[in-house]
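The following exercises are to be worked with the sequence and the coordinates at hand. Each task is followed by a solution in steps.

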Amino acid sequence: MEKQVMKLASQKAVVIFSKTSCCMCHTIKTLFYDLGVSPAIYELDEIPNGREIERALQKMGCNPSVPAVFIGGQLMQNSTSTIMSLHLSGSLIPMLKRAGAIWL
């Protein structure tokens, strides 16, 4: 299943594994939308193999399992705090440009 997660994570410049009931997931998705990013989003509570994907994310070090953010195919460990720290330090936008998630 971890290989399947990595395959999904590499299909777009930004991939977010989320749950519809997760407020931090909503915050992260909103941030990316506000930055002009169009991420691939997998709502684990709405897809048939969501529980298996969630377990695979936990095995990959995601704790909590969502939101799990991949940029350029790379897992952002501690996704919420890492993404917010990168954004506040001004490093997120250059990273997104390098990954091809935004152009301007």
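**Exercises on a predicted model**

The structure used throughout is a predicted model.

**Exercise 1.** Determine which residues of helix α1 (residues 2-9) are buried, and what they pack against.

*Solution.* 
Step 1. The buried residues of α1 are Val-5, Leu-8 and Ala-9.
Step 2. These residues lie on the same side of α1, because they cover an arc of only 100 degrees around the axis.
Step 3. On the face turned away from that buried side, α1 carries the exposed residues Lys-3 and Lys-7.
Step 4. The packing partners of the buried residues are β1 (14-18), β2 (40-43), α3 (50-59) and β3 (68-71).

**Exercise 2.** Carry out the corresponding analysis for helix α5 (residues 92-99).

*Solution.* 
Step 1. Leu-92, Met-95 and Leu-96 are buried in α5.
Step 2. Viewed down the axis, the buried residues of α5 fall within an arc of 100 degrees, so they line one face of the helix.
Step 3. The elements covering the buried residues of α5 include β1, α2 (23-34), β3 and α4 (79-89).
Step 4. After α5 comes Gly-100, with a positive phi near 85 degrees.

**Exercise 3.** Identify the residues that touch the most other members of the largest nonpolar core.

*Solution.* 
Step 1. This core has 19 residues, of which Val-5, Phe-17, Ile-53, Leu-57, Ala-68 and Phe-70 touch the most other members.
Step 2. At least two residues of the core come from each of α1, β1, β2, α3 and β3.
Step 3. Not counting residues up to four places away in sequence, Leu-57 touches Val-5, Phe-17, Leu-44, Cys-62, Ser-65, Ala-68 and Phe-70.
Step 4. A second, separate core has 17 residues, among them Ile-16, Val-37, Val-69 and Met-76.

**Exercise 4.** Locate the three salt bridges found in the whole structure and describe their setting.

*Solution.* 
Step 1. Glu-54 and Lys-19 meet through their side chains at 3.0 Å, N to O. Glu-54 counts as buried, at 11% relative accessibility.
Step 2. Lys-29 and Glu-43 form a salt bridge at 2.6 Å, N to O. Because Lys-29 lies in helix α2 and Glu-43 in strand β2, the pair ties together parts that are 14 residues apart in sequence. Lys-29 is buried at 13% relative accessibility, and Glu-43 is buried at 14%.
Step 3. In the salt bridge between Arg-55 and Glu-52, the closest N and O atoms are 3.9 Å apart. Both residues lie in helix α3, three residues apart, about one turn of the helix. Arg-55 is partly exposed at 43% relative accessible area, and Glu-52 is partly exposed at 33% relative accessibility.

Technical notes
Residues numbered from 1 in each chain as written. Predicted model: local features only at pLDDT ≥ 70, side-chain atom pairs only at ≥ 80, totals over all residues. Heavy atoms only, no water. Buried < 20%, exposed > 50% of the residue type's maximum accessible area, 1.4 Å probe, protein only. Helix = DSSP H or I, 4+ residues; strand = E, 2+ residues; numbered from the N terminus. Arc of directions from axis to C-beta. Contact = heavy atoms within 4.5 Å. Core = buried A, V, L, I, M, F, W, Y, C linked by side-chain atoms within 4.5 Å. Salt bridge = Lys/Arg side-chain N within 4 Å of Asp/Glu carboxyl O.
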